[in-house]
Amino acid sequence: MAESDKDDLIRLIDDEGGKSVEIPEKLPLLPVRDVVVYTDMVLPLYIGREKSLRAVEEAMKREQIIFLATQKDPMVEDPGPKDIYRVGTACRILRMLKLPDGHFKVLVHGLEKGRIKRYINKKSVYHVSIDVIPDSYDVKGNVETQALMRNVRENCEKILNLRGEYSSEIGMLLEEIESPGKLADLVSSNLKLKLEEAQGLLEIDEPIERLRAVNNYLAREVELSTVQAKIQSSVRDEISKNQRDYFLREQVRAIHKELGEQDERLAEINDFTQRIKKARMPKHALNEADKQLKRLEQMHPDSSEATIVRSYLDWLVDLPWSRATKDVIDIPKAKSVLDEKHYGLEKIKDRILEYLSVRKLNPKKKGQILCFVGPPGVGKTSLGQAIADAMNRKFFRMSLGGIRDEAEIRGHRRTYIGAMPGRIIQGLKQCESNNPVFMMDEIDKIGMDFRGDPSSALLEALDPEQNTDFSDHFLNLTFDLSKVLFILTANMTDTIPSALLDRMEVIQLPGYTEEEKSVIAEKYLVPRQLSDNGLKAGNLVFSRSAIEQIITDYTCEAGVRNLEREIGALCRKTARKLAEGEKGPYRITRGNLHTFLGPARFFPELDQDESQVGLATGLAWTQVGGEVLYVEVSLLEGKGELIITGQLGEIMQESARAALSYARAHRKELGIKKNVFEGMDIHIHVPAGAIPKDGPSAGIAMATALISALTKKPVDKAIAMTGEISLRGRVLPIGGLREKAIGALRFGIKNIIIPMKNKPELSEIPKNVKRKIAFTPVNTIDEVIEIAIGKNVLKAPAPAAPATAKKPARTS
């Protein structure tokens with residue numbers, strides 16, 4: 001402050017100290033931000049708003065007195081009456097300096113507190129009418145007031161001492177103030193209060209009450225300042241200790257250097273220290289790492305336990321505790337990546353894109369564990385790789401097939417020789433990221449024995465509610481797996497434990513049709529095999545008819561794995577010819593295909609040349625897709641026994657008994673002689689006896705073949721059927737209709753009988769399959785017999801099931 005400013009301030013106090021200042025009732029208003037002005041408070045202000053500039057000019061033209069009131073919201077640029085507190089302070093402008101940009105810098109001095117009665121002018125500048133709120137200057141006061149003032153002074157001294165800012169001049173200033181209101185205003189102006197708290201103190205009219213409120217804030221500030229001082233003292237002590245330790249270590253290092261010695265043990269400890277710092281471990285892991293490092297310092301370097309500790313520390317510092325790749329989820333790009341690497345599978349792609357969209361909008365959402373279920377060779381594993389590429393994440397794949405030891409998942413205890421962490425922790429270390437896409441293949445082939453149950457160990461890793469604290473036996477620390485995107489694959493869900501299956505979202509991947517396989521071969525398999533075998537596009541050319549013949553005559557699968565293998569065989573044979581000096585190019589056609597691959601291995605047309613008695617065609621779902629299942633029935637002289645062969649499971653045997661019971665119950669309608677069941681043995685056989693078979697969907701095929709044998713009327717060879725049979729002759733729904741339809745198409749079947757309740761699933765069947773196969777939904781076995789054997793089999797309609805019958809419970 002300039003010398004002239006000091007003279008003005010002294011003259012103001014001398015002239016008006018102890019006397020009330022004449023303050024006009026009407027004053028210009030200056031709204032201020034982020035500060036509350038008290039009486040006797042001197043502070044500089046920077047004025048930049050138009051209305052505020054005019055208010056200062058108005059005040060300078062008159063008595064240089066202006067009314068300062070605080071804005072409720074500092075962010076409001078043009079505050080109205082509702083945005084300004086009504087209680088403020090009338091101030092005198094001690095000095096005004098006009099800046100080059102047109103703004104003002106003023107020095108104001110608080111005179112008296114006032115309350116706005118009304119706004120007189122609101123246009124170019126605010127003028128307000130105020131009521132002055134004077135403090136009562138009771139110098140003596142009572143004992144309670146004196147005690148309160150002494151307490152406030154002592155608290156002020158404590159705070160200033162803790163901050164190192166106390167001086168005797170400040171103490172004398174506090175002692176000289178005898179008015180409670182003045183003391184309260186002085187302390188309030190120097191406390192670090194929130195805007196609302198400071199305004200609240202200003203609005204308390206009673207000086208004693210205001211001083212009590214200030215005392216409460218002081219008590220809080222004393223506690224905060226005490227804790228702050230303790231923290232700063234602790235930090236200073238720690239810094240001093242660290243500096244001392246550093247100095248001593250540097251001396252030891254200098255001594256070794258002068259002696260020409262290289263302390264390998266010290267170098268190892270220093271290396272671990274640096275790596276621990278770089279690892280950015282969570283607190284619990286950092287504490288364990290420091291503890292083990294101190295143990296290593298005290299051990300003999302050649303001891304066996306030192307080797308264990310070194311290995312443990314290596315794992316700790318190499319794990320990606322805080323390292324993660326940044327997700328770049330671009331939905332259009334992800335769609336193009338999926339389309340580029342996979343043909344078809346539109347519903348699966350849509351579900352993956354939905355999953356990625358949710359992750360983009362809510363990255364912190366605990367994701368559902370995806371499980372791709374489908375036959376071999378349909379692209380389950382490559383879908384996981386495509387998801388990783390779309391999200392810009394690392395990809396790791398581990399196979400669970402044949403794992404029987406729980407330690408493969410959780411790791412071994414460090415007490416064992418050769419102990420290592422589990423496969424999950426190993427994968428994270430290999431990826432160097434804590435948020436990779438983690439593919440677990442063959443979850444349905446995991447086993448268990450006396451060494452533990454790996455599927456139970458997986459529960460903790462795959463459950464989003466638990467995997468934030470996954471515990472590995474080797475680490476003996478918790479690791480957060482919540483950022484890992486787990487994707488599992490399986491051929492079937494029957495062998496997956498129910499508790500594990502409950503934590504997954506199962507996405508079915510059905511097999512490909514012949515048309516889809518042909519496109520996949522042309523777009524993906526042929527170019528890849530040509531590249532893998534060192535051939536150029538012009539060296540070997542495949543005709544469309546040749547690819548179709550490979551699909552039908554040389555492979556029989558739901559996926560494309562064997563198809564790629566056959567194409568690879570053709571590429572190898574061509575590569576050999578080129579390597580021997582022969583000149584190309586070579587063209588593979590339907591006519592010369594057999595010269596490369598030999599005679600056809602599969603015959604997709606039906607095995608039976610004509611319709612036969614006691615032979616019906618059923619459909620089955622297997623791990624490799626849909627298959628045709630033939631049911632044969634023969635009648636033999638005997639004692640009425642039922643013989644079942646073909647390695648059928650219990651459910652299929654029960655279906656055979658249900659079919660026989662239905663035939664016996666409806667003997668008259670079917671035109672079957674009574675003594676047939678007593679004098680003849682019935683033999684039901686399903687070929688491919690080395691393969692176990694089970695399931696309820698062959699029920700109507702068994703019933704049709706049995707009734708055909710009993711009535712001696714052939715079953716139409718062009719018709720296949722699938723459905724479960726009940727004792728009342730109802731045809732119950734089945735599963736896997738899409739896979740069965742695709743399998744039937746491979747075998748040249750043109751008509752399929754299905755349960756009526758499976759009719760809605762026809763929308764899931766590919767259009768090209770529905771163009772080539774006619775689907776006939778039925779409700780009863782009578783309709784099946786009428787379609788497959790003929791209308792003249794039934795002499796009278798079988799009694800219908802009661803309309804009020806409840807749907808029977810069944811287990812697939």
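Predicted model: local features only at pLDDT ≥ 70, side-chain atom pairs only at ≥ 80, totals over all residues.

Student: At what angle do α11 and α13 pack, and how far apart are their axes?
Tutor: Helix α11 (residues 331–341) packs on helix α13 (residues 380–391) at about 150°, and the axes are 9 Å apart. An angle over 145° counts as roughly antiparallel, so that is how α11 runs relative to α13.

Student: Which residues make the contact?
Tutor: From α11 you have Ala334, Val337, Leu338 and Lys341, and from α13 there are Leu383, Ala386, Asp389 and Ala390. By class, six are nonpolar, two are charged and none is polar.

Student: What's the handedness of that crossing?
Tutor: α11 and α13 cross in a right-handed way.

Student: OK, and how does α12 pack with α13?
Tutor: Helix α12 (residues 346–361) sits at about 35° to α13, with 12 Å between the axes. The crossing of α12 and α13 is right-handed.

Student: Which residues touch there?
Tutor: α12 brings Ile348, Ile352 and Leu356, while α13 brings Leu383, Ile387, Ala390 and Met391. That contact has seven nonpolar residues, with no polar and no charged ones.

Student: Switching topic: which residues of α15 are buried?
Tutor: In α15 (residues 423–431), those are Ile424, Ile425, Gly427, Leu428 and Cys431. Looking down the axis of α15, they fall within an arc of 160°, so they line one face of the helix.

Student: What follows α15?
Tutor: Glu432 does, and its phi is positive, near 55°.

Technical notes
Residues numbered from 1 in each chain as written. Heavy atoms only, no water. Axes fitted to C-alpha atoms, helices over the stretch in contact; angles between N-to-C directions. Helix = DSSP H or I, 4+ residues; strand = E, 2+ residues; numbered from the N terminus. Parallel < 35°, antiparallel > 145°, perpendicular 65-115°, else oblique. Left-handed = near helix turned anticlockwise from the far one by under 90°. Contact = heavy atoms within 4.5 Å. Nonpolar A, V, L, I, M, F, W, Y, C, P; charged D, E, K, R; others polar. Buried < 20%, exposed > 50% of the residue type's maximum accessible area, 1.4 Å probe, protein only. Arc of directions from axis to C-beta.
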